[in-house]
Amino acid sequence: MLGPVEFVVDGRVVPTGHPRQRCVLAVLLTEVNRTVLTEQLIDRVWGENPPNRVRNVLSGYITRLRTVLSAAGTPLDRRPGGYALSADPALIDLHRFRDLVGRGRAAEDPGLLAEALALWRGPAFADATSDWLLNLRATLENERLEALLRRNDIVLGRGGHAELLAGLHELATAHPLDERVTRQLVLALYRCGRQADALAAYARAQTLLADELGLDPSPESQALQRQILTSDRALAAAPPPPHAAPHPVPRQLPASTVGFTGRDSELAMLDAARDTPVVTIDGTAGTGKTALAVHWARQAAGRFPGGQLFVNLRGHAPGPPLPPLSALAQFLRALGVPPDRLPLDVDEAAALYRSVLAERRVLVVLDDARSPEQVRPLLPGDPGCTVVITSRNRLGGLMAKEGARRLTLDVLDPPTALDLLSRLLGAQRVAQEPEAAAELAELCTHLPLALRIAAANLANLPHRRIAEHVRELKMGNRLDALQVDGDREAAVRSAFELSYAALEPEARLAFRRIGLVPGPDFTAASVAVLVPTSDGEAARVLETLSAAHLVEPGGAGRYRCHDLLKLFAAELARTDADRTAAQDRLIAAALEAAGSAAVVLYPHMLRLPGDRPGREVFPDHAEALAWLDAERAGLVALVEHTASHGPRRAAWELADTLRGYFWLRRCAGDWLAAARAALAAARADGNRTAEAAALLSIADVHWTGGQHTEAMANYAQALGNARTAGWADGQATILGNLASVNLERGELALARENYTCALDLHQEKGRRAVTLSNLGNLDWEQGALAEAQAHFTEALDLHESPVAIANSLINLGCVRLDLGLPEQALADVTEALALARAIGDEADEANALVAMAAVLRDTGKATEARERAGEALELARRIGGRRIETSALNVLGSISHRLARSAEAVEHHTRALTLSGTTDDRRGETEALTGLADAMLALGRPDDAAAHATRAVSRASEAGYRLLAGYAEAVLADVHRHRGDPTAAARHAGRAAEAFASTGGRLWLSRLGQAGRCP
């Protein structure tokens, strides 16, 4: 209703009658799931001038609407005294808008508000003829403006003035007398360094208010002008988000099709539509839709300096279409969003995607779309972006709602088809047999895909006449029964069959078996397993299939099939008596390789009980990780395929084996897809142990994404299943992960309880070591340094995984630094850094660099410390480690303070403070507040310093961070000493000394004395 009133089913606008009948529908929708009295309905639709026999007219409208709505499962019922339409309010844009606005305001979330605003397609009830609806339109327009201004306030408060500026100019033009709009524009201009323009915008608004209304600007507007005139520091923008960096420019377009021919009018149409937000290219399979889209996109790439995105949505490929969330995850990663910041909700991911693309000119190619619903979340909100969509379907809903421009691709005309054959076979060969070449083109119905395959067959036989090939093609084959008059795919089938028949037996077998691969691509190794044969022989056969255009090389030793060819191969595979055995070999090989990679990469991670593959597939960490990276899409597809088609056990076993890999790579979309498929398979099999493992994996996805509420809920379900199944190690791991969430939330007592229970349950020493290390972290947070050192030391004696060893060494080094043992601390973190780099663990490499920077800082090597902290910060941002990034920023701030660069220190700690709020990082927040207090005191701002230090003491005391509480007390002592209050200074210094002494923090006591903070 936020635009013309439309009823949309499966992307298609269903006619709902003339405007007055649509008014009836609109009124019922505004009161969805509530009874609208007949008199009330008449009044709202006709007002004071109802027609004669209005009840009969209304009854006719209701009858016609009921027919339309009920066909789509939306009941319109007669109720006592009136009517009620029953539907999910989330499916009605007006109600969804209000819900999103309410949630966005409550959570201060600009993404939700932007999503709400994106629902508008024009004036509400654009074709309304009812005074009541016109009044409601005015109300909604006010709500829309208020949501927009609230979104702007939040974004301005977070330093997003530059991204808002263009929109604010337009908004100020549309609402010249709205002082709130004026203030937002003036503030954004000032923060962009345009002080004169800001004052000029204020002056224009001041003049307009006086001329139009005889009013002066409000006190708020006048105060803003004074602040700008005096360059008040209070107007300074919040620091940019910590991950802000030059936007990566994705270049994802595939190579253009060799021998691309013709399509001049279509290319011209695409050129003319390059400023249209959405263009669809539809047509039957094999017409060259993808080739056209990619060819034009490569020509037009220079007009899109923000980059080019490409994804195959697999709308008509074997297996399920690519979910919008997975496509969004691919795009967001390409656009520079760190993996751990990828939302797990499709609406949130779409909102982030639109935000990232704001103010950028990017070309997006969505290949092989199935429906408008699959596409809509992938549409940018910025008018500077263009989306080209290919599909076998017409996607009419995109034309109706998004204003898409449609291009229908037909077969080639006869001259262009002959030109394509000439390019592929050579002009001389075609010129020698022009009639046979024309007949060949006609037999292929001038379909580009069929022509390319026919040409590939002839190219492999340079001495064969075209006429002879035509005779064979006309002879027919066993698939002719499937031919339907006018069905162009029949020509493709004929071409496929002829190409297939020309292959050697081993190549035919390999092609059939490719139809059993559920993933988007494959390698010689996977084909070798399916046949079976050697990897070398499989590679040779794939080259043969590639030469026949039955497969396409995809780079890095990988191959893929056109979706029609994949379907053809799968159809052929169904005739193989031993296809089940081939599928079983493929599954077994995937489980064996993934299991071997798990042993190499993350042996400390919990796995489901059972026998493990005995063969070592990967010699080292790098090869194991590279294999998993390359096979990820195929492995996830295999999990989903076996969950749906069996054997279901393979689904939950493989997903469980991949949990450690997903933990390393943080590819949340694929992780969640695999875990959910595993959960469905486990529930279908009634296996409570496997169900617990799948829920554990789902909880881990949410934990790593900072969604603690969802994580804890799934851990609770997983724990219940593990207890029912009697799986002790599963219970222990779930409790340990739950405790780590408690630790991050500052719930230290609860964390200790869960860690202790986990330690009692663990039956395997490697996992006991992980929990001991976690307990050491908890001891460190609470200032029990001696106990922390003991736990880390014991864990190191038990660890077998290099990943876990590196992590414990980093933590041990941090504790030893606090204990006043900097030489030992440096040795620990140096060893950890070397180990992390050797195994390719970038997260622990960044952690080790942060710890090393802290040690170097406290041993008087501030310049070297600054270099290590800078390396850590860069690496943390690259891998999306927000907690590591917070730590690196805080260490950098403390180093800058030591180097008497206090303004720089404030900048680092402020960014750390902002970032800690996005991850619920209580320790990082407390460190940032304390660092800010120290730096602001050095800048001569004791009041700000006192406020930050007081907050730091409160946060540290609430959570139980004794060392951090002591340091914040020491800063407060300095503040009171600066203010000339020795009594208060002595009181806070005494508390600091007591905290340091009780923890054994010799380094902290030393700092207190060196700074003259002791009472």
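The model is a predicted one, in which local features need pLDDT of at least 70 and side-chain atom pairs count only at pLDDT 80 or more, while totals for chains, interfaces and linings use all residues. Residues are numbered from 1 along each chain as its sequence is written, and side-chain values use heavy atoms, with hydrogens and water left out. Helices (H or I, at least four residues) and strands (E, at least two) are DSSP runs, numbered from the N terminus.

- An open sheet is formed by 3 strands in the order 11-13-12, with antiparallel pairing, where two strands are taken to pair if DSSP finds at least two bridges between them.
- The edges of this sheet are strand 11 (522–523) and strand 12 (552–555), each of which pairs on one side only.
- Strand 11 runs antiparallel to strand 13 (residues 558–560) and is joined to it by 2 bridges; Phe522 has Tyr559 in strand 13 as its bridge partner.
- Elsewhere, strand 4 (residues 76–79) pairs with strand 5 (residues 82–85) in the antiparallel sense over 4 bridges, and the bridge partner of Leu76 in strand 5 is Leu85.
- Strands 4 and 5 form a hairpin with 2 residues between them, and Gly81 in the turn has a positive phi of about 85°.

**Salt bridges**

- The whole structure contains 60 salt bridges, each being a side-chain nitrogen of Lys or Arg within 4 Å of a carboxyl oxygen of Asp or Glu.
- Arg376 pairs with Glu402 in a salt bridge whose closest N and O atoms are 2.9 Å apart. This pair links distant parts of the chain, 26 residues apart, with Arg376 in the loop between helix 15 (372–375) and strand 9 (386–391) and Glu402 in helix 16 (residues 396–402).
- Glu402 has 26% relative accessibility and therefore counts as partly exposed, given that buried means under 20% relative accessible area, exposed over 50%, and partly exposed in between (1.4 Å probe, protein chains only).
- Arg648 and Asp685 form a salt bridge through their side chains, at 2.8 Å from N to O. The two residues lie 37 residues apart in distant parts of the chain, Arg648 in helix 29 (residues 648–665) and Asp685 in helix 30 (residues 668–685).
- Arg648 is partly exposed at a relative accessible area of 35%, and Asp685 likewise counts as partly exposed at 35% relative accessibility.
- Arg883 and Asp921 form a salt bridge with their closest N and O atoms 3.2 Å apart. Here too distant parts of the chain are linked, 38 residues apart: Arg883 belongs to helix 41 (residues 882–898), and Asp921 to the loop between helix 42 (902–919) and helix 43 (922–938).
- In that pair, Arg883 counts as partly exposed at 25% relative accessibility, whereas Asp921, at 8%, counts as buried.
- A network of salt bridges links Arg837, Glu845, Glu864, Glu867, Arg868 and Glu871.

**Buried helix positions**

- The buried residues of helix 21 (residues 466–474) are Ile466, His469, Val470 and Leu473. They cover an arc of only 105° around the axis, so they lie on the same side of helix 21; the arc is that of the directions from the helix axis to the C-beta atoms.
- Asn714 lies in helix 32 (residues 708–725) and, at 13% relative accessibility, counts as buried.
- Leaving aside neighbours within four places in sequence, Asn714 is in contact with Leu695, Ile698, Ala699 and His702, where contact means heavy atoms within 4.5 Å.
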